[in-house]
Amino acid sequence: RAVAMSVSHSSRLNKLVREQYMRLPQDGRVQVTYVWIDGSGEGVRCKSRTLEKEPKSIEDVPEWNFDGSSTAQAEGSNSDMFLVPVSMFRDPFCLDPNKLVLCEVLKYNRKPAETNLRHTCKKVMDLVKDSHPWFGMEQEYTLLGINGHPYGWPDNGFPGPQGPYYCGVGADKVYGRDIVESHYKACLYAGVKICGTNAEVMPSQWEFQVGPCEGIEMGDHLWMARFILHRVCEDFGVVATLDPKPMTGNWNGAGCHTNYSTEEMRREGGLKHIEAAIEKLSKRHDYHICVYDPRGGRDNSRRLTGHHETSNIFEFSAGVANRGASIRIPRQVGQDGYGYFEDRRPAANCDPYAVTEAIMRTTVLNETGVETKDYADH
C-alpha cells in the first residue's frame, strides 16, 4: 500500500546520506537562497548563491537576476529580470548561518513585473502606516499525491463524509501530520510569524495561520511560509495545492480567511469603526472579489457557492459568528465592543499583497468603485 500512496522518486533518496554532507563546515561563507513569485502569480521559484560572509540585514544581500523567459515573465530576446531583496529569514533546510531571501521582481526597465503586487502594496501600506493595520491570514491547502489525487484517499472512491476530520486525531481521521508539523517547526526556525495550525474539514486538507503582522509584513511572511511548505512537501514527496476547490462535489473548498484591524478598532469602543469599515466593504464587493484570487474571481466562483461554510460570490453579507457570511465578526469582539473582523472571501491561492492592499484602499483610503487610485505622485 505504501507504493500506492504516490510519492515522488526524489523523496525516496537516502536522507541520511544527505545529512553527512549538510554537516560539513562552510568556512565562514553563506548560502543565500533567493525566492520570488513567478509569472503565474501563484508559483514560487528559487535559486542560491554564495556570499563571503553572513548578511546581518537585507541591505547586505545584493541584487541578482534571472531568466524571465523561463518563468513566464519576459520574452527570450530580453529576458533578464532583477531580483531585489526585501525580506530575510533563517534557512530551515540548510540551517544557520544560511538564509532565505524574499525578492521583488523588476523588469529590464526597473518597473515592477506584472505579478509583483508587493510594489503597490508597499506604497499603500506606507500611506496608511499611522492606522497601524494588523493582519492575520489563515492559509488552507490540500495535500496531493504526485498523481494529483488527494493524499491518503482511497485509490478508487472517496473517504467517508466530512465531519470527523476537522481538527481530527487518529490514522483514520488525518493524513500527513508529519508534513504539517515539519512545516510548523521550519517556519518557527525561519522567523516566519506562524501562529497555529489545524486539520481542516476535508480529509487531507490542512490550515496554518500567519500573524499578527503589520502592513507589508503580512504578505512577506505568508509568501515565505508558502515557499517553506512547498519545500517541506518536496522532501516528503507530496504536493501542496492552494486550489480553492481541489475536489468538486460535497467537499469544502480552500480559502485564505483574512483577519484585520486598525489601531482604533482595537481600542475601547472600536466596534463602531469595525462596522464603518464593513459598510465601506459592502459597497465595493465586486472590486474585492476581482482581486481575491489570481484570475479575477473565476477561481473563487468554484468555491463561494453559499455552501460549505462560504458566502455566495454575488452577495455581500456580514454577521457575528457567521461562517456563511462574507465578513464574520467574532463573537468575543461583539461582546467586548472592540477587536477585529474576518474577511472570509479571499481564495486559498490569493496574493496576500493584493488582499491586504485592497482592504486598506477601501477601509482607510476610502476608495470606491472598481477603479484604484495611483498614489505614485503623492
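**A tour of salt bridges**

Select E63 and R110. These two side chains form a salt bridge, and their closest N and O atoms are 2.9 Å apart. Now trace the chain between them. The pair links distant parts of the chain, 47 residues apart. E63 sits in the loop between strand 2 (44-51) and strand 3 (64-67). R110 sits in the loop between strand 5 (99-106) and helix 2 (118-127). Keep in mind that this is a predicted model.

How exposed are E63 and R110? E63 is partly exposed, with a relative accessible area of 38%. R110 is partly exposed too, at 41%.

Why do such pairs form? Side chains of opposite charge can pair when their charged atoms come close.

Next, select K107 and E114. Their side chains meet in a salt bridge, with 3.0 Å from N to O. E114 has a relative accessible area of 57%, so it counts as exposed, the cut-off being over 50%.

Move on to helix 2 and pick K122 and D126. They form a salt bridge, with the closest N and O atoms 3.1 Å apart. The two residues are 4 apart in the helix, so about one helical turn separates them. K122 is partly exposed, at 30% relative accessible area. D126 is also partly exposed, at 38%.

Now select five residues together: E42, D243, R295, D299 and R302. What links them? They are joined in a network of salt bridges.

Finally, zoom out. How many salt bridges are there in the whole structure? A search finds 25.

Methods: Residues are numbered from 1 along each chain as its sequence is written. This is a predicted model: local features need pLDDT of at least 70, side-chain atom pairs count only at pLDDT 80 or more; totals for chains, interfaces and linings use all residues. Side-chain values use heavy atoms; hydrogens and water are left out. A salt bridge is a side-chain nitrogen of Lys or Arg within 4 Å of a carboxyl oxygen of Asp or Glu. Buried means under 20% relative accessible area, exposed over 50%, partly exposed in between (1.4 Å probe, protein chains only).
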